[in-house]
Amino acid sequence: MQLIPHQDSPRYIRLHPTDNVGVVVNDQGVAAGGQFDDGLTAVEGIPQSHKVALVDIAEGHEVVRYGEVIGYALKPIAAGSWVTEQVLRMPEPPLLDNLPKATLKTAPGEPLEGYTFEGFRNPDGSVGTRNILGVTTTVQCVVGVLGHVVERVRKEVLPKYPNVDDVVALSHSYGCGVAINAPDAVVPIRTLYNISRNPNLGGQALVISLGCEKLQANQLMDGDQLTNGMDEEDWLFRLQDSGSGFAGMVEQIMAMIEERLKVLDQRRRETVPASELVVGMQCGGSDAFSGITANPALGVAADLLVRAGATVMFSENTEVRDGIHLLTPRAASVEVADALIREMDWYDRYLARGMADRSANTTPGNKKGGLNNIVEKAMGSIAKSGNGTIAGVVAPGERIRGKGLWFCATPASDFICGTLQLAAGMNLHIFTTGRGTPYGLSMVPVIKVATRTQLAERWPDLIDVDAGQIVSGRMTLEEMGWHIFQLYLDVASGRKQTCAEQLRLHNDLVLFNPAPVT
Ligand code: CA
């Protein structure tokens, strides 16, 4: 990365030697006539995080950022011009049928030994970073009653059990009025199944059901040790079985919750190796700095996690699609590369059914932040994956079955991606943002990373890490990666709470349901 110093003078960043555009760094942008240190003159005003043409680009020629073609010039672009969406034609996504598979052997680096955190060991061997009771629901119909119960439990009961962090209703809008036997219904159903088994929930089965709904409780509780040896009435409460109205329901559910709180309260943190971390990475409200500061810093930290033997996942299909040719070579095997291609292909067809494609991803905020199209956004997004080998792939709603860097296929929607990463088994979440979002989840700590110092300073109580320090030269990318790695261990141990945790900012679980509703 070429960093041009001097705080006040016009500055841009060029990420790759073959790039013919740079990203303007200055907070206030660069005015027309402003001269960069290399002699380039801005021919018009260019806002911060937007692109400046570094050379004359002829009509039809490639516009290159990250060493990749992000578009073709629709008209001649003079050196020093603002490169906007209006002057670019977006490239087609890479074809899926002739990609290099598992051709790149990356050296992971020396194993990182001796890094630990304080976690809650679960009966199934996984480790939680928080000690939370999750109450599974089969259908939206129960959410009002359960919400009332959870509110009372938090006030009246939870203070008696100081070793339990929280009680969370696993509420969602699925369960009835849906084509439950449609092939794609497997996605929301296995998501709910696996979320109930998230490592932060301590292995306590409790399901609240209405009774007449399509999604029956045994579909969410079959076949593992969560309900092993328990009678159905010990882990399931059906509202329609209640003989004494709302008050009776509340009383019975509160009693079932308290039984579990007694068990969870006996648990204590123990020292476990860093390899027990399962970190889910995503971004939201991205800007052109996302791919320069925050996401590459996560990439450095991801490489460190892999060297420590941990699990780390990246996601967001529509932000991976245009960089797939850079990812399939990094697959651990041809089978893993094929799985990546399978997920991209499935998603292409899913979008096509709705008469859309991956370009539907970009938001007005992304564009205001200097991201012209999904190709440019994708190149920045996949920087989160670092440089390592992709060890495996899980489809939406599946749980990860190994260590290392995984691709967890999800939509890019923040809440749906977070929900599917919970199902994949994450016990810690990290989220990068350029435009800013107060995003948080109730089941895992969410570390938020700003791409720009300006955002971190405007929102000091919402942003945990200022990755903008990479641009200002106060920290190197490498230093920021290590800082984030250490923060993972501190937050996982409960030594530090994230901003979203302190403020109890929790977004809803949002299921991905590609199947029809009825
Ligand atoms: Ca996202």
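# Briefing: buried charges, a calcium site and nonpolar cores

Glu 501 has a relative accessible area of 18% and is therefore buried, the limit for that class being under 20%. The model described here is predicted. Its salt bridges number 26 across the whole structure, and a calcium ion is coordinated by five named residues, Gln 282, Cys 283, Glu 316, Ala 412 and Asp 414.

**Salt bridges**

- Glu 501 pairs with Arg 130 through their side chains, with an N to O distance of 2.7 Å.
- Arg 130 belongs to the loop between β10 (127-128) and β11 (132-137), while Glu 501 is in helix α15 (residues 499-503), so this pair joins parts that lie 371 residues apart in sequence.
- Arg 130 is likewise buried, at a relative accessible area of 5%.
- Asp 184 and Arg 353 form another salt bridge, in which the closest N and O atoms are 3.6 Å apart.
- Asp 184 sits in the loop between β12 (166-170) and α2 (186-195) and Arg 353 in helix α8 (residues 334-353), so parts 169 residues apart in sequence are tied together.
- Arg 353 counts as exposed, with 54% relative accessibility.
- Arg 342 and Glu 343 also meet in a salt bridge, at 2.9 Å from N to O; Glu 343 is buried at 3% relative accessibility, whereas Arg 342 is partly exposed at 44%.
- Lys 51, Arg 65 and Glu 376 are connected in a salt-bridge network.

**Calcium site**

- The donor atoms are OE1 of Gln 282, O of Cys 283, OE of Glu 316, O of Ala 412 and OD of Asp 414, at 2.3 to 2.6 Å from the calcium ion.
- Along the sequence, the spacing of these donor residues is Q-C-x32-E-x95-A-x1-D.
- Gln 282 is part of strand β16 (residues 278-283) and Asp 414 of helix α11 (residues 414-423), so the pair links parts separated by 132 residues in sequence.
- Gln 282 is buried at 0% relative accessibility, and Asp 414 is buried at 17%.

**Nonpolar cores**

- The largest nonpolar core holds 53 residues, of which Leu 277, Val 279, Ile 430, Ile 484 and Tyr 488 touch the most other members.
- Helix α14 (residues 477-492) supplies the largest share of this core, namely eight residues.
- Apart from neighbours within four places in sequence, Ile 484 contacts Ala 297, Leu 298, Ala 301, Ile 430 and Val 465.
- A second, separate core comprises 27 residues, including Val 149, Val 157, Val 164 and Leu 264.

**Annotated region**

- An unreviewed UniProt entry carries the annotation "domain: SAF" for residues 19-89.
- Over residues 19-89 the chain is 30% strand and 0% helix, with its end C-alpha atoms 17 Å apart.

Definitions and conventions
Residues are numbered from 1 along each chain as its sequence is written. This is a predicted model: local features need pLDDT of at least 70, side-chain atom pairs count only at pLDDT 80 or more; totals for chains, interfaces and linings use all residues. Side-chain values use heavy atoms; hydrogens and water are left out. Donors are N, O and S atoms within 2.8 Å of the metal (3.2 Å for Na, K and Ca); water is not among the atoms, so sites may look incomplete. Helices (H or I, at least four residues) and strands (E, at least two) are DSSP runs, numbered from the N terminus. Buried means under 20% relative accessible area, exposed over 50%, partly exposed in between (1.4 Å probe, protein chains only). UniProt positions are given in the numbering used here, feature names are shortened, and annotations may be inferred rather than shown by experiment. A nonpolar core is a set of buried Ala, Val, Leu, Ile, Met, Phe, Trp, Tyr and Cys residues joined through side-chain atoms within 4.5 Å. Contact means heavy atoms within 4.5 Å. A salt bridge is a side-chain nitrogen of Lys or Arg within 4 Å of a carboxyl oxygen of Asp or Glu.
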